[in-house]
Amino acid sequence: MKILRIFPKKTSYTPIDSLVYYPNGIIQSPSWKIFPEFDEIHISCSFTWDRKYCQEMAFQFRSTQDRPVKLGGPAFKSQTDGFTQGLYMKPNIIFTSRGCNNNCPWCIVPKIEGKLKEIQICQGNVIQDNNFLQTSRQHKDKVFRMLKTQKRIQFKGGLEVDLIDDNFVDNVRGLSIDELWLACDTEGAFKNFEKAAVKLVKAGFTREHIKCYALIDGDISKNEERLQKIWWAGAMPFAQLYRDFTNEKTKYSKEVEKFARSWQRPAAINMHMKKGTDFRSFNI
């Protein structure tokens with residue numbers, strides 16, 4: 001089946017083949033003749049604040065052509081059973097498992113995808129699993145064997161720090177690693193994060209390789225302390241503002257938004273940490 005995929009906006013993850021369309025904020029039907037022949041239209045929505053826009057697009061598309069229009073994606077809590085690699089993301093960005101066995105209060109993954117399930121392994125250099133380290137040893141070994149054929153490998157889903165063991169470190173040390181993304185979303189998680197970072201640094205990885213998601217809220221001083229500790233532990237922090245799973249994007253003050261942006265730019269972060277500057281000094 002030939003599927004025309006519609007995305008609200010283009011990102012570094014969305015595919016770019018001839019059966020992909022980005023309306024870029026305009027709710028109107030494209031000239032259908034510009035596309036190769038297709039059988040269905042799938043509108044894929046990742047963020048809840050884009051739901052209304054995608055629903056309006058679906059209405060417009062159903063009224064201007066006669067093929068089925070399906071609306072789904074993480075924002076609509078679509079199930080992942082039957083997930084097709086490379087359909088809604090670039091082919092090199094893959095999942096080797098879906099779901100997660102944790103129940104972090106800020107995370108929607110277990111509610112949508114359920115408990116962790118290992119799935120068929122495809123070729124790709126970006127591992128996007130929500131919790132790769134919860135997979136079985138046998139599954140990990142298969143993934144590592146596949147990755148030996150890849151370059152610029154990235155584990156982007158967020159590696160659970162208390163599951164980073166010697167076996168994982170030994171395996172990634174033998175791969176062409178570009179980025180290893182960890183997570184330190186609370187102050188209580190820092191101790192385990194620091195232990196994991198020390199293991200990776202001893203294995204030869206630097207801040208260029210070790211990245212860390214850090215969930216933050218509106219408390220600037222508390223969040224900055226954790227972000228600085230992540231940097232000193234040998235990783236590059238990446239601040240993520242918490243957003244509710246609602247139709248309206250969670251609002252923060254302009255100062256908090258600027259603070260978050262300043263902790264998402266490696267060059268600004270390094271300058272800030274090495275020279276002791278304040279984020280308000282940066283025009284970001």
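Colleague: Hello! Which residue stands opposite Leu-71 of strand E4?

Modeller: Ile-43 does. Keep in mind that we are reading a predicted model. In general, strands of a sheet pair through backbone hydrogen bonds, either parallel or antiparallel. Here, strand E3, residues 40-44, is joined to strand E4, residues 69-72, by four bridges, and the two run parallel.

Colleague: How does the chain get from E3 to E4, and which hand does the crossover have?

Modeller: The path goes through helix H1, residues 51-62, giving a right-handed β-α-β crossover.

Colleague: In what order do the strands of the sheet with E3 and E4 come?

Modeller: Read across the sheet and you get E2-E1-E3-E4, four strands with parallel pairing in an open sheet. E2 and E4 are the edges, each pairing on one side only. Now look at strand E1, residues 3-6. E1 pairs in the parallel sense with E3 over four bridges, and with strand E2, residues 20-21, over two.

Colleague: Which way do the residues of E1 point, and are they buried or exposed?

Modeller: Ile-3 and Arg-5 point one way, while Leu-4 and Ile-6 point the other way. All of these residues are buried.

Colleague: Let us turn to the other sheet. What is the order of its six strands?

Modeller: The order is E5-E8-E9-E10-E11-E12, again an open sheet with parallel pairing. At the edges are strand E5 (93-94) and strand E12 (236-241), each pairing on one side only. Inside this sheet, strand E10, residues 177-183, runs parallel to strand E11, residues 210-216, and four bridges join them. To find your place in that pair, look for Ala-183, which stands opposite Tyr-213 of E11.

Colleague: How should I read a nonpolar core?

Modeller: Start with a general idea: in soluble globular proteins, nonpolar side chains tend to be buried together. In this model the largest nonpolar core has 48 residues. Phe-155, Phe-168, Leu-180, Leu-182 and Phe-193 have the most contacts inside this core. Helix H5, residues 190-202, gives the most to the core, with five residues. Apart from this core lies another, of 17 residues, among them Leu-4, Trp-32, Ile-41 and Ala-75.

Colleague: Which residues is Phe-155 in contact with, leaving aside neighbours within four places in sequence?

Modeller: The contacts of Phe-155 include Ile-127, Phe-132, Phe-144, Leu-147 and Phe-168. Val-172, Ile-177, Glu-179, Leu-180 and Trp-181 are also in contact with Phe-155.

Colleague: What are the domains, and how far apart are their C-alpha centres?

Modeller: Domain 1 covers 3-76 and domain 2 covers 93-281. Their C-alpha centres lie 30 Å apart. Seven residues from domain 1 and 12 residues from domain 2 take part in the contact. Between them the domains bury about 760 Å², with 57% of that on carbon and sulfur atoms. On the domain 1 side, Tyr-13, Thr-48 and Trp-49 lose the most area to domain 2, together 73% of what that side buries.

Colleague: Where is Thr-48, and is this residue buried or exposed?

Modeller: Thr-48 lies in the loop between E3 and H1. The residue counts as buried because its relative accessible area is 3%, and buried means under 20%. Not counting residues up to four places away in sequence, Thr-48 touches Ala-75, Asp-244, Phe-245, Thr-246 and Asn-247.

Colleague: Are Lys-77 and Arg-152 buried, partly exposed or exposed?

Modeller: Lys-77 is partly exposed, with a relative accessible area of 44%. Arg-152 counts as exposed because its relative accessibility is 55%, and the cut-off for exposed is over 50%.

Technical notes: Residues numbered from 1 in each chain as written. Predicted model: local features only at pLDDT ≥ 70, side-chain atom pairs only at ≥ 80, totals over all residues. Heavy atoms only, no water. Pairing = 2+ DSSP bridges. Right-handed = clockwise from strand over helix to strand, strands pointing away. Core = buried A, V, L, I, M, F, W, Y, C linked by side-chain atoms within 4.5 Å. Buried < 20%, exposed > 50% of the residue type's maximum accessible area, 1.4 Å probe, protein only. Contact = heavy atoms within 4.5 Å. Domains from an automatic or database assignment. Buried area = accessible area lost by both parts, 1.4 Å probe.
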